[in-house]
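Please open the structure in your viewer and keep the sequence panel beside it. The tour below moves from one selection to the next and says what is to be found at each stop.

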Amino acid sequence: MYKILVKEALVPNIYLFKIKAPNVARKAQAGQFVVIRIDERGERIPLTIADWDEKEGSVTIVFMEAGTTTCRLALLQAGDYIADFVGPLGLPTHIEKLSTVVCVAGGFAVATIVPIARAMKGKGNKVISIMGARNKDLIFWEERLRSVSDQLIVTTDDGSYRRKGLVTEPLKELLESGEKVDRVIAIGPSIMMKYCSLTTQPFGVKTIVSLNPIMVDGTGMCGCCRVSVGGATRFVCVDGPDFDGHQVDWDLLFARQRIYLDEERRSLEQWQSQVTTHS
Ligand SMILES: Cc1cc2nc3c(=O)[nH]c(=O)nc-3n(C[C@H](O)[C@H](O)[C@H](O)COP(=O)(O)OP(=O)(O)OC[C@H]3O[C@@H](n4cnc5c(N)ncnc54)[C@H](O)[C@@H]3O)c2cc1C
Ligand code: FES
């Protein structure tokens, strides 16, 4: 059993949990994820490792309430336990000395991009970060991302904070400005990663995205996380989650993400009615 050491509500619907998991903390690297299960009857879900502390033996995850499991998870408190916390899984993000790296994060993925930006800066790269959210109320970890970046641009869709617009706009301006960008790392909702890749393609800048298909085992056995990259079938849990965004078959990813929409909706409705009946 894995103890929740800290619970923090970052913004509405997004929570941070610090979990006691020394074996995961010892091996974690930027870009990897864990698969968790709340109890023995629970569904397995993948969540990115947002931070880790080897000395304390703790791992931080940041999650958004999306359906039954994440809503159930959000009800747990510091001091509670979860049944499974398996990881680190997936390949770490490739960290190397380039020159200028642009890290782009959409929504809760700012938590995913922070350790990557930190590692890229640690290698001596100039790191320019762009983070975007729908509105001011959904912004978190701005200072944390700023502390590991040489420059930070913040956007909100509705203009309620900092610059109005989507993350792709400052990204395009940076590329047009003549700044020699060697690598873009874009993480967030699939649609945002697709459009970041389309933005960088004409400039020929290699763009890494972290794919988020439905996963079950997280170890390459079930085939559920199958995607097509450069015409080849890849399993995100073992071959990724990072891939070349210019090579991803986005339409296939979107279609496979929607396969269980009806079941997911029914599951949430059923759980919500049980919770209401018992309260
Ligand atoms: C490698 C990876 C890292 C991720 N990291 C994070 C993270 O750090 N924080 C975060 O909030 N979310 C993350 N996700 C997404 C997260 O796993 C889903 O939001 C979660 O599984 C939803 O489960 P649910 O029961 O609450 O909702 P459901 O009602 O089951 O689903 C809601 C949505 O989540 C997607 N989803 C459902 N089940 C899974 C699954 N087993 N695997 C992946 N997606 C699923 C569905 O396509 C659906 O759109 C990550 C996904 C992947 C693949
Ligand atoms: S989640 Fe089963 S193969 Fe990747």
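**Before you select anything**

This is a predicted model, in which local features need pLDDT of at least 70 and side-chain atom pairs count only at pLDDT 80 or more, while totals for chains, interfaces and linings use all residues. Residues are numbered from 1 along each chain as its sequence is written, chains are lettered from A and ligands numbered from 1 in the order in which they are written, and side-chain values use heavy atoms, with hydrogens and water left out.

**Stop 1: ligand 1 and its shell**

Select ligand 1 and show the residues around it, where a residue is counted as near if one of its heavy atoms lies within 4 Å. There are 22 such residues, and those that come nearest are P46, V62, M64, T70 and M215. By residue type, the shell divides into 12 nonpolar, seven polar and three charged residues; here Ala, Val, Leu, Ile, Met, Phe, Trp, Tyr, Cys and Pro count as nonpolar, Asp, Glu, Lys and Arg as charged, and the others, Gly among them, as polar.

Now colour by secondary structure, with helices (H or I, at least four residues) and strands (E, at least two) taken as DSSP runs and numbered from the N terminus. At least two residues of the shell come from each of β4 (45–53), β5 (58–64) and α2 (68–74), and β4 supplies the largest share, with four residues.

Which polar side-chain atom lies 2.4 Å from an oxygen atom of ligand 1? It belongs to T70. An oxygen atom of ligand 1 also has a backbone N or O atom of G67 at 3.0 Å, and a nitrogen atom of the ligand is 2.9 Å from an N or O atom in the side chain of T48. Taken alone, ligand 1 exposes 860 Å², of which the protein buries 87%; these accessible areas come from the Shrake-Rupley method with a 1.4 Å probe, and for residues only the protein chains shown count as cover.

**Stop 2: helix α6**

Next, select residues 190–200, which form helix α6 and include S190. Eight of the 11 residues of this helix are buried (under 20% relative accessible area, with exposed meaning over 50% and partly exposed in between; 1.4 Å probe, protein chains only), so the helix is largely enclosed by the rest of the structure. The buried residues are S190, M192, M193, K194, C196, S197, T199 and T200. They pack against β8 (100–106), α5 (168–176), β12 (183–187), β13 (206–210) and α8 (250–257).

Zoom in on S190, which is buried at 7% relative accessibility. Setting aside residues up to four places away in sequence, S190 touches N212, W250, L253, F254 and Q257, a contact being heavy atoms within 4.5 Å.

**Stop 3: the cysteines**

Move on to C224, in the loop between β13 and β14 (226–229). How many disulfides does the structure hold? There are zero, a disulfide being a pair of cysteine sulfur atoms within 2.5 Å. The cysteine sulfur closest to that of C224 is in C222, and because the two are 4.9 Å apart, they are too far for a bond. C224 is buried, with a relative accessible area of 16%, and C225 is buried as well, at 3%. Apart from neighbours within four places in sequence, C224 is in contact with I214, M215, V216 and R256.

**Stop 4: backbone details**

Select P88, placed in strand β7 (residues 84–89), and look at the peptide bond from G87 to P88, which is cis, with omega near -5°. The bond from G240 to P241 is cis too, with omega near 15°, and P241 lies in the loop between α7 (236–239) and β16 (242–244).

Then go to W141, in the loop between β9 (126–133) and α4 (142–146); its phi is near 60°, a positive value in a residue other than glycine. W141 is buried, with a relative accessible area of 11%.

**Stop 5: K180**

Finally, select K180, in the loop between α5 and β12. Is K180 buried or exposed? At 56% relative accessibility, K180 counts as exposed. Its side chain makes a polar contact of 2.5 Å with the side chain of D182, where a polar contact is a pair of N or O atoms within 3.5 Å and, within protein, one must be able to donate a hydrogen and the other to accept it, residues adjacent in sequence counting only if both atoms are side-chain atoms.
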